[in-house]
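Here are my notes on this one, in the order I'd go through them with you. Have a look at the model first, then read on.

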Amino acid sequence: MHCLKVIRNFSLWSSVPLGSLDPMSGIVAQFNADNCPQKVNLGVNTYRDNNGNPVVLESVIKAMQIIREKNLDNEYPPIEGLQSFIDAAIKLGYGDKYYEKNSKNIAGCQVLSGTGAIRLGFELLNKFVPPETKVLVPIPTQTLHPTIAKMAGLQSQEYRYFDPTTRQVDFQGLFQDLYTAPNGSIVLFHACSHNPTGCDLELHQWEQLLDLTKKKDLLPFFDMTYQGFTSGDMDKDAYAIRLFTEAGMPIILGQSFDQNMGLSGQRIGCLSLVCSNEKEREIVNSQLNLIARSLWSCPPVHGARIAETVLNNPKIYQLWLKEVRLMAQRIQNMRYSFTKALKELGSPHDWSYLSKQFGLYSLTGIGQLQINELMEKYHIYLLENGGISIAGLNDNNIKYVAMAFHEVTKNTQI
Ligand SMILES: Cc1ncc(COP(=O)(O)O)c(C=O)c1O
């Protein structure tokens, strides 16, 4: 009898459906299995250098040398993570001026990158906001946003963001959808380098959104996974954070150092919340700790030590700022070169939108047939929604990729 029960328990899994593959992982698997030497992966989700390789930044190498020389132990850090890292991340996100005046009111926790920031933030919100509260997410957005909202028990509602005909932000649609959303909703904004569209909001649009956010009593949750990748400048990319906080808004901010420090394998990020006073900050911190304890117990230390050293060592910090500028510039150069190459090939389409966008990603509007042809005939891999990562382009493959894009689109509407 006992034996039979065990067998029955095992058969539980035979009725469980196969989980869908993350779109990026699917591309990576197909790309890796392809033996063609000319293959190109435009589905990469981290920065690549001009030879198509992942980067290890000089600033990060220097920070790791300093850490090695300290002969530190590998004991548990506090549940909230390394305080020196949290403080430095908050200072970077909110800016020196705001930090000097208000750091005592900002609750913060070291998290597992951008994903961890969204998860911890949404779990906290689910615990304390009224049950009917909606999380407003742009359409399209990183699939993690609605997925994590659901897993954390929150309901998400989409707001328009992108106009596929102009390939620009549909600001009128966005504004209307936020205007008609329930008062008191949580609104998720990409602070910069919007994934997957590459379309960022302009400064005057952020200003209008600040007014609307105040009027509607919306709670802004900024996902800043790519600080530095839009303009190459940390302060400019954090414009919306600075604008909202200077106006006294109680924002929530998720930061990741996966991209701008090339630390995606270290899972290093920070979640912070602007509170009204020190007492409130203490309470929020205590709740963050309670939730983090049950999610990951405490965060990994090595990435936090690296990021903290980069941010707090003045010389290494300057070197890092320069390296981020160069990464952002390379991406922007690729955008211009790709647009130019397609024009020179005589493409009947206007690709200029690519050079008006920012960050790693763009939605090309290319259809399924063309995507299949790019993969099968040219060994160029992109996402099934036509999304590409500009980081996959480099001086060695850009002409080839432009030729292939031209060939598959020259006789079609896109
Ligand atoms: C907008 C956005 N948020 C969050 C994430 C999650 O990033 P991380 O790797 O930092 O967890 C990503 C990664 O693709 C992203 O693009």
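1. Which helices each supply at least two residues of the shell around the ligand? Helix H6 (113–128) and helix H7 (144–151) do. H6 gives the largest share, with 4 residues. Keep in mind throughout that this is a predicted model.

2. On the shell as a whole: the ligand is surrounded by 15 residues, and the closest of them are Thr115, Asn195, Asp223, Tyr226 and Asp258. Sorted by class, the shell has 9 polar residues, 3 nonpolar and 3 charged. As for where the ligand sits, that is the largest pocket.

3. A polar side-chain atom of Asp223 is 2.6 Å from a nitrogen atom of the ligand. Gln142 also uses its side chain, with a polar atom 2.9 Å from a ligand oxygen. With Gly114 it is the backbone: an N or O atom there lies 2.8 Å from an oxygen atom of the ligand. How much of the ligand's accessible area does the protein cover? On its own the ligand has 390 Å², and the protein covers 91% of that.

4. Next, the cis peptides. One joins Ile139 and Pro140, with omega at about 0°. Pro140 is in the loop that runs between strand S3 (134–139) and H7, and H7 is one of the helices supplying the ligand shell.

5. Another cis peptide bond links Asn195 to Pro196, and here omega is about 15°. Pro196 belongs to the loop between strand S7 (186–190) and helix H9 (203–215).

6. Now the backbone angles. Ser113 is not a glycine, yet its phi is positive, at about 60°. You'll find Ser113 in helix H6, the helix with the largest share of the shell. Is Ser113 buried or exposed? Its relative accessibility is 0%, so it counts as buried.

7. Arg167 is another non-glycine residue with a positive phi, in this case about 55°. It lies in the loop between strand S5 (162–163) and strand S6 (168–169). Arg167 counts as buried too, because its relative accessible area is 10% and the cut-off for buried is under 20%.

Key
Residues are numbered from 1 along each chain as its sequence is written. This is a predicted model: local features need pLDDT of at least 70, side-chain atom pairs count only at pLDDT 80 or more; totals for chains, interfaces and linings use all residues. Side-chain values use heavy atoms; hydrogens and water are left out. A residue is near a molecule or strand if one of its heavy atoms lies within 4 Å of it. A polar contact is a pair of N or O atoms within 3.5 Å; within protein, one must be able to donate a hydrogen and the other to accept it, and residues adjacent in sequence count only if both atoms are side-chain atoms. Accessible areas come from the Shrake-Rupley method with a 1.4 Å probe; for residues, only the protein chains shown count as cover. On a 1 Å grid over the protein atoms alone, a cavity is a set of points where a 1.4 Å probe fits but cannot get out, and a pocket is an open set with protein on both sides within 12 Å along at least five of seven lines; lining residues have an atom within 4 Å of a point. A molecule sits in a cavity or pocket if more than half of its atoms lie within 2 Å of its grid points. Ala, Val, Leu, Ile, Met, Phe, Trp, Tyr, Cys and Pro count as nonpolar, Asp, Glu, Lys and Arg as charged, and the others, Gly among them, as polar. Buried means under 20% relative accessible area, exposed over 50%, partly exposed in between (1.4 Å probe, protein chains only).
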